[in-house]
Amino acid sequence: MLNRIKGFLQGRYGNDQLNIFLIILGCVTTLLLTLFIPSRFYYLRSLGTVIYLVALFRALSTNFPKRQKENAKFLEKSEPWRKYLYKKYNQYQDKTHKYYNCPKCHRTLRVPAGRGKINITCPHCQKQFTKRT
């Protein structure tokens with residue numbers, strides 16, 4: 001039985017970042033629609049199931065180039081959000097430093113926390129600015 005399943009899944013696309021996003025979106029959509037939409041609008045509640053089916057279709061697809069293009073487009077469109085979340089995650093993890101963006105070149109700078117008001121010099125463009133840490 002396991003060999004049959006293994007044989008079926010061989011040559012399939014599998015999961016990527018877009019599929020993971022779709023699965024999370026399906027969970028959130030199902031939860032929110034179940035909580036806030038009355039049961040007489042059952043067709044709206046099935047939106048989460050449709051999202052799950054799209055993710056399943058993508059995972060079981062054998063058309064690798066098309067799925068890779070879809071994922072690349074998703075990564076391109078979601079890059080600003082991913083950078084923002086990554087920056088916030090780093091700030092949450094690093095309690096000894098604060099992160100600021102340079103007003104001129106927009107690069108992320110890390111400075112020590114708890115020093116009060118300090119002058120920060122960007123090492124890339126030499127722009128100086130004052131921030132409270």
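Guide: Let us start with a pocket: on a 1 Å grid over the protein atoms alone, a pocket is an open set of points where a 1.4 Å probe fits, with protein on both sides within 12 Å along at least five of seven lines, and lining residues have an atom within 4 Å of a point. Grid points are joined across faces, edges and corners, and the volume is the space filled by probe spheres set on those points. The largest pocket here comes to about 180 Å³.

Visitor: Before we go in, what kind of model is this?

Guide: The model is predicted, and local features need pLDDT of at least 70, side-chain atom pairs count only at pLDDT 80 or more, while totals for chains, interfaces and linings use all residues. Residues are numbered from 1 along each chain as its sequence is written, and side-chain values use heavy atoms, with hydrogens and water left out.

Visitor: Which residues line the largest pocket?

Guide: Look for Lys83, Tyr84, Tyr86, Lys87, Asn90, Tyr99, Asn101 and Thr108. Helix α5 (64-93) and strand β1 (97-101) each supply at least two of the lining residues. The largest share, five residues, comes from α5.

Visitor: How do the lining residues divide by type?

Guide: There are three nonpolar, three polar and two charged. In this scheme Ala, Val, Leu, Ile, Met, Phe, Trp, Tyr, Cys and Pro are nonpolar, Asp, Glu, Lys and Arg are charged, and the others, Gly among them, are polar.

Visitor: What makes arginine 58 and aspartate 16 a salt bridge?

Guide: A salt bridge needs a side-chain nitrogen of Lys or Arg within 4 Å of a carboxyl oxygen of Asp or Glu. For arginine 58 and aspartate 16 the N to O distance is 3.0 Å, so the pair qualifies. This pair links distant parts of the chain, 42 residues apart: arginine 58 is in helix α4 (residues 47-60), and aspartate 16 is in the loop between α1 (2-9) and α2 (17-36).

Visitor: Which other residue forms a salt bridge with arginine 58?

Guide: Glutamate 70 does, with the closest N and O atoms 2.9 Å apart. Glutamate 70 lies in helix α5 and arginine 58 in helix α4, so the pair ties together parts that are twelve residues apart in sequence. At 26%, glutamate 70 counts as partly exposed.

Visitor: What separates glutamate 79 and lysine 83 along helix α5?

Guide: They are four residues apart, so about one helical turn lies between them. Their side chains meet in a salt bridge at 3.7 Å, N to O. Glutamate 79 is partly exposed at 35%, while lysine 83 is exposed at 55%. Elsewhere, salt bridges that share partners join Asp16, Arg58, Arg67 and Glu70 into one network. The count of salt bridges in the model is five.

Visitor: What is asparagine 19 in contact with?

Guide: Leaving aside neighbours within four places in sequence, asparagine 19 touches Gly14, Ala55, Arg58 and Ala59. Contact here means heavy atoms within 4.5 Å. Asparagine 19 lies in helix α2 and is buried, with a relative accessible area of 0%. By contrast, α1 is hardly covered: the count of buried residues among its eight is zero.

Visitor: How do you know that β3 and β4 pair?

Guide: Two strands pair if DSSP finds at least two bridges between them. Strand β3 (residues 117-121) and strand β4 (residues 128-132) share five, in the antiparallel sense. Threonine 121 has glutamine 128 as its bridge partner, and isoleucine 118 stands opposite lysine 131. On β3, Ile118 and Ile120 form the covered face, and Lys117, Asn119 and Thr121 the uncovered one.

Visitor: What makes glutamine 126 stand out?

Guide: Most residues other than glycine have a negative phi. Glutamine 126 is not a glycine, but its phi is positive, about 65°. Glutamine 126 sits in the loop between β3 and β4 and is exposed at 52%. Histidine 106 also has a positive phi of about 65° without being a glycine. Histidine 106 is found in the loop between β1 and β2 (108-112), exposed at 60%.

Terms used: Buried < 20%, exposed > 50% of the residue type's maximum accessible area, 1.4 Å probe, protein only.
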